[in-house]
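I opened this entry to keep track of what I looked up, in the order in which I looked.

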Amino acid sequence: MKKIENLWQEAGIEQPLSLDGCPVRLNGKNRVNIVALGDVGTTVLMGLRLLGGDCISSIGIWDLSEANMRRLEQEMNQICYPFGQAELPEIRLITREELFSCDVFVFCASKGVPALGAEGDVRMAQLSANSELIREYGRLAAQSGYRGLVAVVSDPVDPLCRAFLDSAGCQAWQVQGYGLGVMNARALYYGKKNPRFARYVREGRAFGPHGEDLVIADSIEDYDDAVSRELTKLTVNANMQVRELGYKPYIAPALSSAAISIILTMRGQWHYSSLYLGDREKGAFLGIKNRMTEEGSRYEDLPLCDSLYRRIKNAYLNLCGMER
């Protein structure tokens, strides 16, 4: 049986870039900065403010709209416990020049968000515009000599991580993509509603990108390919169901994929995010269960049955081709 580490060989990679570095303060509080405060960024901010008091000292916010920044500085800092029962991170206004004066940089900026009623994979529709945008911030990070964590939230997460890595010239262990958490959450949602998928709640795993090549495994111990593919399809299309109701599906991704998962990263706990598997020329960011340690990112690398490994390999190689 093969493991995730065998994927490198499939892409002809002999020596992948090291993930042996820790860009966050695991035993202390981190300074977090967020760029762009639209629907997604604002929801991420809310989640970090409410849930991250133990691992976040402050959250700097920057947006093209100064009025929006000032509004959120006031409103978010007015969310608190009545008698100091718990300390919440301070929300601070920052300038564009201060974006990389932090331990964790959260990228929520986006151009051309698909309108309601858009067909196809709406995540990939943003690739060209958002790649250009994130490269601008990659160059800013390079100029500042940034050594902290870059948390990419905007779609499509995995290709945008690669674009940042290339433009910033930073270390692979500094960049993670936060898109897989909500896919796991959606699979759990269906697993709790339908007995056919119930094993996912106890034994399941999610792998790959936040999109069409997603791999949901109903059980890591006794994998059923037909059931897993059925659950994968439901999970991938869950966002379209919300769109059909007339709403943009940003709340669950902003909280499950981003806020909760970023907090778990800073705590050194298991979560879902994308790590880079490759060298400077070839490779891809692949979503997988992992955690941050003082020695760097460590991902779960269990033996995989042939049918499950082939699905993950296909997703990985497709990402490699996309990101060259």
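**Charges over rings**

I began with lysine 289, which lies over the face of tryptophan 270 at 5.2 Å from the ring centre. The criterion I used is that NZ of Lys or CZ of Arg is within 6 Å of the ring centre and within 35 degrees of the ring normal. I then turned to arginine 96, whose charged end sits over the ring of tyrosine 137, 5.6 Å from its centre.

I note that this is a predicted model, in which local features need pLDDT of at least 70 and side-chain atom pairs count only at pLDDT 80 or more, while totals for chains, interfaces and linings use all residues. Residues are numbered from 1 along each chain as its sequence is written, and side-chain values use heavy atoms, with hydrogens and water left out.

**Aromatic pairs**

I looked up ring pairs next, taking rings of Phe, Tyr and Trp (its six-membered ring) as paired if their centres lie within 6.5 Å, with planes under 30 degrees apart counted as stacked, over 60 as edge-to-face and the rest as tilted. The count by this rule is six aromatic pairs. The rings of tyrosine 189 and tyrosine 190 are edge-to-face, because their centres are 5.2 Å apart and their planes stand at 80°. For burial I took under 20% relative accessible area as buried, over 50% as exposed and values in between as partly exposed (1.4 Å probe, protein chains only). Tyrosine 189 is partly exposed at 46% relative accessibility, whereas tyrosine 190 is buried at 11%. The rings of tyrosine 276 and phenylalanine 285 form a tilted pair, with centres 5.0 Å apart and planes at 50°. Tyrosine 276 is buried with a relative accessible area of 1%, and phenylalanine 285 is buried at 0%. I also recorded one aromatic cluster, formed by Phe100, Phe105, Phe107, Tyr137 and Tyr146.

**Nonpolar cores**

Here I followed sets of buried Ala, Val, Leu, Ile, Met, Phe, Trp, Tyr and Cys residues joined through side-chain atoms within 4.5 Å. The largest nonpolar core has 83 residues, and among those with the most contacts inside it are Phe105, Val106, Tyr137 and Phe164. A second, separate core has 15 residues, including Tyr190, Ile216, Leu231 and Val236. I listed the contacts of valine 106 (heavy atoms within 4.5 Å). Leaving aside residues up to four places away in sequence, valine 106 touches Val32, Asn33, Ile34, Val35, Val44, Ala151, Val153 and Ile262.

**Helices**

I took helices (H or I, at least four residues) and strands (E, at least two) as DSSP runs, numbered from the N terminus. The expected span of a helix is 1.5 Å times one less than its number of residues.

How many residues does helix α4 have, and how far does it reach? Helix α4 (residues 127-144) has 18 residues and reaches 26 Å from its first C-alpha to its last, close to the 26 Å expected. Its buried residues are Asn130, Ser131, Leu133, Ile134, Tyr137, Gly138 and Ala141. Seen down the axis of α4, these buried residues fall within an arc of 165°, so they line one face of the helix; the arc is that of the directions from the helix axis to the C-beta atoms. The face of α4 turned away from its buried side carries the exposed residues Ser128 and Gln143. Among the elements covering the buried residues of α4 are β1 (30-35), β4 (104-107) and α5. Glycine 145 follows α4 and has a positive phi, near 65°.

In α5, 11 of the 12 residues are buried, so I noted this helix as mostly covered. Glycine 169 follows α5, again with a positive phi near 65°.

**Backbone details**

Which residues does a cis peptide bond join? Aspartate 155 and proline 156 are joined by one, with omega about -10°, and proline 156 lies in the loop between β5 and α5. Alanine 36 lies in the loop between β1 and α2 and counts as buried at 16% relative accessibility.
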